[in-house]
Amino acid sequence: MKYVDEFRDPFAARGVLAAIARTVDAIGAIKEKPIHIMEICGGHTHAIFRYGLDKLTPPGLEFIHGPGCPVCVLPMPRVDEAVEIAERNGVIFTTFGDAMRVPGTKKSLLQAKADGADIRMVYSPLDALDLARRNPNRDIVFFGLGFETTTPSTALSIQQAAAERLTNFSVFCNHITVPPPIKALLDDPFMILDGFVGPGHVSMVIGTHPYDFIARDYGKPIVVAGFEPLVLLQSVLMVLTQISEGRAEVENQYARIVPEHGNPISIAACNDVYEPRDSFEWRGLGEIDKSGLKIREKYAAFDAERKFGIGYAIASRALAEPDGCRCGDVMTGRIKPRACPKFGRDCTPEAPLGALMVSSEGACAAYYQYGGAQLEDVA
Amino acid sequence: MNAHLRPPRRLSATHVTLAHGGGGKAMRDLVEDVFVAAFANPGMGEMEDQARLTNAALTVPGARLAFTTDAFVVDPIEFPGGDIGKIAVCGTVNDLVVGGAAPLWLSAAFIIEEGVDVALLRRIAASMRAAADEAGVAIVTGDTKVVGRGSADKIFIATSGIGVIAPDRDLRASAVQPGDVAIVNGALGDHGAAIMIARGDMNLSTEIVSDCRPLGTLMEATLAAAPGLRAARDATRGGVASALNEIAAASGVGIEIHEAVLPLRAEARGVCEILGLDPLYLANEGTLVAFVPECEAAAAVAAMRATDAGRSAVAIGNAVVAHPGVVVMNTMLGGRRIVDMLVGDQLPRIC
């Protein structure tokens, strides 16, 4: 398949892997004292396991799986609120497919659908907009989820709805941004990270400058990467090279897609529609300042929080993670998924207890599904 | 009632109504003009409450009956490469043939939503007849129910099938041994991808066609070339990944497969790349996984390739002593990962 197979060429991969091994050696990293590189994006986590890249890199290199799985970090009270909206009379609640299974404290959207709520899977907020046009007597609510990758399309759908003066379309906004949790991780006193692989699709929208603080203020290298296995390996090599040469810079391996200054049209649409919340909760990480987006007053008519009287109030959501759940420790790199006492016992993809088991892009789900340490036992 | 005592009933309605399920004349019109007319065969001519069947294969000492049943719901009802009727025949036939049975007879029960177009029913009945003829089976008994609008999604079909397993055959999922070679007869995931495209949610236009087809000819050819064939599984819901996991669990062997040799059409790969799905879990309706002893593997692949349903047959891996019950994929880049059973449905990802 053109434009795909080139990036999965096993011979090219072997060359990059050999270079990775040499560089890890040059740095002097070994299994007992490894280099820790965090891939921020869940898409990268998934690719690492899907292609078995963690089995190909040397033991002196350890991947720490970052918070970039939007479904995983969605707090349970927000799912409860989504269910509450979806179960109202006259509502058609639309959502991306992988949010259907995320557990709330009472039930998931999938269970709410089985209980009779009209919940429909869409591939884009524009599909939801179309439903609104075709069902003038129903209230269409779109579950706005995800990072800067999906944030612009939600913004555009709100602008479009305003232009068409649609009165039956609104967005339940849970959009979040990548840089604040990275800053939170870097401020963690137990931080062990040596460098980052930056998210490709997010950066296509925001450019590379929002990561400048990582190199400038914290002295850590970051390389923005695409999602094909070969470019992912190449990006890891670039991070390692920076470390071995004592550099800390923002580099862009994905320049064929990611412009330095991002996509100005998307950025303008987002600035027009959203403003930062003071704080937003991340499942497994807790409240993070300025990490979530809400819909501006001028688009209040399209804000499901206002329309259905659901506010984001921190006081009401002091909900502890389930007992013994160590998602936060996995996300900060303190432990590997299998070191969590709940992993594979009380917490499985069938019945996820913690955030990271929820979506296939979550680190624990990827470990469970594709083997992770279990494969070392069997291979 | 004997058919020759009166002329066959004709159905003049264009849409099915609740009257067609009422047990009266309207129902008789529907059954006779749509279903009996399409399926006509000696087994059903008498219009008794039961089919009365004989077959020479049943009289062979040691022969066993194979009996299976399946219910079919699909959206959309008609899609590139088939329709619900063709699947209802092929699915049940394939469940028989992967056990080494020669399929003989099918039953077909229809649950029809009021308002369904009679022309659609006729097309589905005709397609069932064509699939049955291709598979060498007769549809000998059936039933029709009509339910109110909203109580069913257009048409649901349940089929049961009876076949005969010759005395010398004993295929079972628990019989696979380390060293045996896993073979698939064609491209993976075409049915699942075709259905997703046909639903029209994604505005993608591709040429992809469901692989829906009966596999009797393929199985017989393979068994003739590889009489030691241990087990075969129809890789329907849950795809090839689920079929392999079932066999690994039943036989207590590990299974190793190789990503580089998996037969995938560019269209199915494209759909999976866009939606973040794994083609190993996409449904097939005419693709099986067979395990044969290593010494018969080449002959089995060659025999499959000589049939229409097996043109792109290929060995994808083998059973091993290590990691019993676990399926491991050797990725194109030389990495390794476990191929587990699917938890629920595959759901398209956010970004």
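## A helix pair in chain B

The crossing of H1(B) and H3(B) is right-handed. This comes from a predicted model. H1 of chain B covers residues 25–39, and its axis lies 9 Å from that of H3(B). The angle between the two is about 15°. Angles under 35 degrees count as roughly parallel, so H1(B) is roughly parallel to H3(B).

Which residues of H1(B) meet H3(B)? They are Val34(B), Phe35(B), Ala38(B) and Phe39(B). On the side of H3(B), the partners are Val118(B), Leu121(B), Arg122(B), Ala125(B), Ala126(B), Met128(B) and Arg129(B). By class, the contact of H1(B) with H3(B) holds nine nonpolar residues and two charged ones, with no polar residue.

## The domains of chain B

Chain B is assigned two domains. Domain 1 spans 3–165, and domain 2 spans 173–338. Over C-alpha atoms, the centres of domain 1 and domain 2 of chain B are 29 Å apart. The two domains touch: 22 residues of domain 1 of chain B are in contact with 21 residues of domain 2 of chain B.

Two helices each give two or more residues to the domain 1 side of this contact in chain B: H2 (84–97) and H3 (118–135). H2(B) supplies the largest share of that side, eight residues. The domain 1 side that touches domain 2 of chain B has twelve nonpolar, six polar and four charged residues.

## A cis bond in chain B

Most residues other than glycine have a negative phi, and most peptide bonds are trans. The bond that joins Asp75(B) and Pro76(B) is cis, with omega about 0°. Where does Pro76(B) lie? Pro76(B) is in the loop between strand E1 (64–72) and strand E2 (78–79) of chain B.

## The domains of chain A

Chain A is assigned domain 1, domain 2 and domain 3. Domain 1 of chain A is pieced together from 5–68, 190–199 and 206–252. The centres of domain 1 and domain 2 of chain A, taken over C-alpha atoms, are separated by 34 Å.

## A helix pair in chain A

Helix H1 (residues 10–27) of chain A packs with helix H10 (residues 229–244) of chain A. Their axes come within 9 Å and cross at roughly 20°. That angle makes H1(A) roughly parallel to H10(A). The crossing of H1(A) and H10(A) is left-handed.

The H1(A) residues in this contact include Ala12(A), Val16(A), Ile20(A), Val24(A) and Ile27(A). Among those of H10(A) are Pro229(A), Leu233(A), Leu237(A), Leu240(A) and Ser244(A). The contact of H1(A) with H10(A) has 16 nonpolar and four polar residues, and no charged ones.

## A positive phi in chain A

What is phi of Arg165(A) near? The value is near 55°, which is positive in a residue other than glycine. Arg165(A) sits in the loop between helix H6 (151–163) and strand E6 (169–173) of chain A.

## Confidence

The model scores ipTM 0.76 and pTM 0.85. Chain B averages a pLDDT of 92. In chain B, 95% of the residues score at least 70. Where pLDDT is low, the predicted coordinates should not be read in detail.

Technical notes: Residues are numbered from 1 along each chain as its sequence is written. Chains are lettered from A and ligands numbered from 1 in the order in which they are written. This is a predicted model: local features need pLDDT of at least 70, side-chain atom pairs count only at pLDDT 80 or more; totals for chains, interfaces and linings use all residues. Domain bounds come from an automatic or database domain assignment. pLDDT is the predictor's confidence in each residue, from 0 to 100. Axes are lines fitted to C-alpha atoms, for helices over the stretch in contact, and angles run from 0 to 180 degrees between N-to-C directions. Helices (H or I, at least four residues) and strands (E, at least two) are DSSP runs, numbered from the N terminus. Angles under 35 degrees count as roughly parallel, over 145 as roughly antiparallel, 65 to 115 as roughly perpendicular and the rest as oblique. A crossing is left-handed if the near helix is turned anticlockwise from the far one by less than a right angle, and right-handed if clockwise. Two residues are in contact if their C-beta atoms, placed from the backbone, lie within 7 Å. Ala, Val, Leu, Ile, Met, Phe, Trp, Tyr, Cys and Pro count as nonpolar, Asp, Glu, Lys and Arg as charged, and the others, Gly among them, as polar.
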